[in-house]
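Biologist: Let's go through this one together. I'll ask how you back up each label.

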Amino acid sequence: MPKPGSTDKGSSSGSGQHQEQQWSHLVAGGVAGCSAVLLLHPFDVVKTRLQVQDGLPGALPAYRGTVDAVRTIVAREGVLGLYAGLAPSLLGSSEARQGRGGEGSGFTVGGTAAYERCLCKTQASRTTSGG
């Protein structure tokens with residue numbers, strides 16, 4: 001409790017610092033999440049395409065392995081083919097890194113599952129359509 005006649009400047013500046021810290025953590029988490037997705041997304045695309053080809057009944061495998069999958073995707077679709085479905089992944093990473101509701105909350109887990117389904121459907125349709 002402040003003394004009569006004194007001004008309590010400490011509480012308002014402390015609140016401002018706390019809010020600034022929250023923003024810096026939010027931005028740092030967003031940048032970290034986006035950086036991780038941009039770096040690792042090509043591996044996820046290759047993994048997903050290899051998994052999807054195993055589930056196609058009666059179809060010949062489109063890829064013989066990881067290196068062949070990378071070569072084939074780059075040859076058919078260009079380097080940007082390795083970033084197919086990037087938007088849902090970026091959305092999901094920012095959601096998870098910002099920690100809405102805390103780690104393991106229903107919102108984050110539900111959002112992650114939704115963007116994973118969207119990503120798999122996008123890549124499955126690209127694989128079956130041949131490009």
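This is a predicted model: local features need pLDDT of at least 70, side-chain atom pairs count only at pLDDT 80 or more; totals for chains, interfaces and linings use all residues.

Biologist: Why is Gln53 called buried?

Modeller: Its relative accessibility is 10%, and the cut-off is under 20%, so Gln53 counts as buried.

Biologist: What does Gln53 touch, not counting residues up to four places away in sequence?

Modeller: Pro61, Ala62 and Tyr63, where contact means heavy atoms within 4.5 Å. The Gln53 side chain also reaches the backbone nitrogen of Tyr63 at 2.9 Å; a polar contact is a pair of N or O atoms within 3.5 Å, one able to donate a hydrogen and the other to accept it.

Biologist: How do you know that the span of α2 agrees with its twelve residues?

Modeller: The expected span is 1.5 Å times one less than the number of residues. For α2 that gives 16 Å, and its end C-alpha atoms are 16 Å apart, so the two agree.

Biologist: Which residues in α2 are buried, and what makes them line one face?

Modeller: They're Asp68, Ala69, Thr72 and Ile73. Seen down the axis of α2, the buried residues fall within an arc of 130°, so they line one face of the helix. On the other side, Val67, Arg71 and Ala75 are exposed.

Conventions. Residues are numbered from 1 along each chain as its sequence is written. Side-chain values use heavy atoms; hydrogens and water are left out. Helices (H or I, at least four residues) and strands (E, at least two) are DSSP runs, numbered from the N terminus. Buried means under 20% relative accessible area, exposed over 50%, partly exposed in between (1.4 Å probe, protein chains only). The arc is that of the directions from the helix axis to the C-beta atoms.
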